[in-house]
Amino acid sequence: MSDEKPITTGDVARLLHVSLVTVLLWIRAGKLKAYRVPGGHYRIAQAEFRKFLTDNQFPVSLDPPAPRRVLVVDDEASVREAFEAALQAKGYEVVLARDGREALKSQRRQKFDLIFLDILLPQVGGASVLKAIKRREPEAIVVLITGYPYHDETLSALDYGPAMLLPKPVKLADIEAVLQIVFKK
C-alpha cells in the first residue's frame with residue numbers, strides 16, 4: 001500500500017477545472033478508478049489519478065514543481081552571498097558566478113528562470129555576457145545590477161533587452177519586488 005494520501009472527488013474537480021458531477025460520471029463509467037470510504041464518499045489513489053491524467057492526456061501533475069533556478073553574477077563575494085541567502089530563504093535554487101566566463105559556462109550547462117547580472121565584471125563585461133545570454137536564450141529574464149547606471153557598459157547593455165535595472169547597493173526589498181514581478185508571487 002502506498003503512503004500517498006488519496007485524493008477526494010472535490011480535489012479532482014478543482015485540479016481539472018470540471019464539475020463534481022463530471023468526476024462522478026468518470027468514476028461510474030470506470031474511466032477513473034475510485035473506492036468508497038465508510039462515509040460513502042469516493043477516494044482516488046494518487047497512482048490511479050496519475051494514470052487517469054496520462055491516459056486522458058491532461059496536462060496536470062501531482063508532483064511538486066522543481067524549485068526555480070536563479071543565477072547571480074557578481075565579482076563581489078559579499079553581494080553574491082547576500083543574494084544567495086535571500087533567494088535560498090525563499091526556496092530558490094541559486095547558482096553563483098564571480099565573472100562573465102563562469103556565468104556563460106553555467107548558462108550553457110543549465111537553464112535559469114532568472115539571472116541577476118552585474119555590469120562591471122572582470123574579463124568579460126556585463127554587456128557582452130548579456131548579449132551572449134540573449135543570443136543563446138532570447139527569452140531569458142535578466143536583471144542588471146550596477147552601482148554605475150550611466151557607465152558606458154551599462155548603457156551598452158540596455159541595447160540587449162534586460163528585464164530591469166537595479167541600482168547597487170541592492171536591498172532585500174528590491175530582490176523581493178523583482179521576484180514578485182517575474183514570478184507573480
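The model is predicted. Five strands, in the order 5-4-6-7-8, form an open sheet with parallel pairing. Another open sheet has 3 strands in the order 1-3-2, and its pairing is antiparallel. Helix 2 (residues 20-28) has buried residues and, on the other side, exposed ones.

**Parallel sheet**

- The strand order is 5-4-6-7-8.
- Strand 5 (93-97) and strand 8 (164-167) are the edges; each has a single partner strand, so one side of each lacks a neighbour in the sheet.
- On average, neighbouring strands of this sheet are turned by 20° against each other, direction ignored.
- Strand 7 (residues 142-146) pairs with strand 8 in the parallel sense, over 4 bridges.
- Ile 145 has Leu 166 in strand 8 as its bridge partner.
- As background, strands of a sheet pair through backbone hydrogen bonds, either parallel or antiparallel.

**Helices on the parallel sheet**

- Helix 4 (residues 77-89) lies across strand 4 (69-73), strand 5, strand 6 (114-118) and strand 7.
- The direction of helix 4 is at about 170° to strand 5.
- Helix 6 (residues 126-136) also packs on the sheet, where it touches strand 6 and strand 7.
- The direction of helix 6 makes about 155° with that of strand 6.

- Strand 1 (7-8) and strand 2 (35-36) are the edge strands, and each pairs on one side only.
- Strand 1 and strand 3 (residues 42-44) pair in the antiparallel sense over 2 bridges.
- Thr 8 stands opposite Arg 43 in strand 3.

**Helix 2**

- Val 23, Trp 26 and Ile 27 are buried in helix 2.
- These residues span an arc of only 100° around the axis, so they sit on the same side of helix 2.
- The background is helix geometry: an α-helix has 3.6 residues a turn, so residues three or four places apart point the same way.
- The buried residues of helix 2 pack against helix 1 (9-16), strand 3 and helix 3 (46-55).
- Val 21, Leu 25 and Arg 28 are exposed on the other side of helix 2.

Methods:
Residues numbered from 1 in each chain as written. Predicted model: local features only at pLDDT ≥ 70, side-chain atom pairs only at ≥ 80, totals over all residues. Heavy atoms only, no water. Pairing = 2+ DSSP bridges. Axes fitted to C-alpha atoms, helices over the stretch in contact; angles between N-to-C directions. Contact = heavy atoms within 4.5 Å. Buried < 20%, exposed > 50% of the residue type's maximum accessible area, 1.4 Å probe, protein only. Arc of directions from axis to C-beta.
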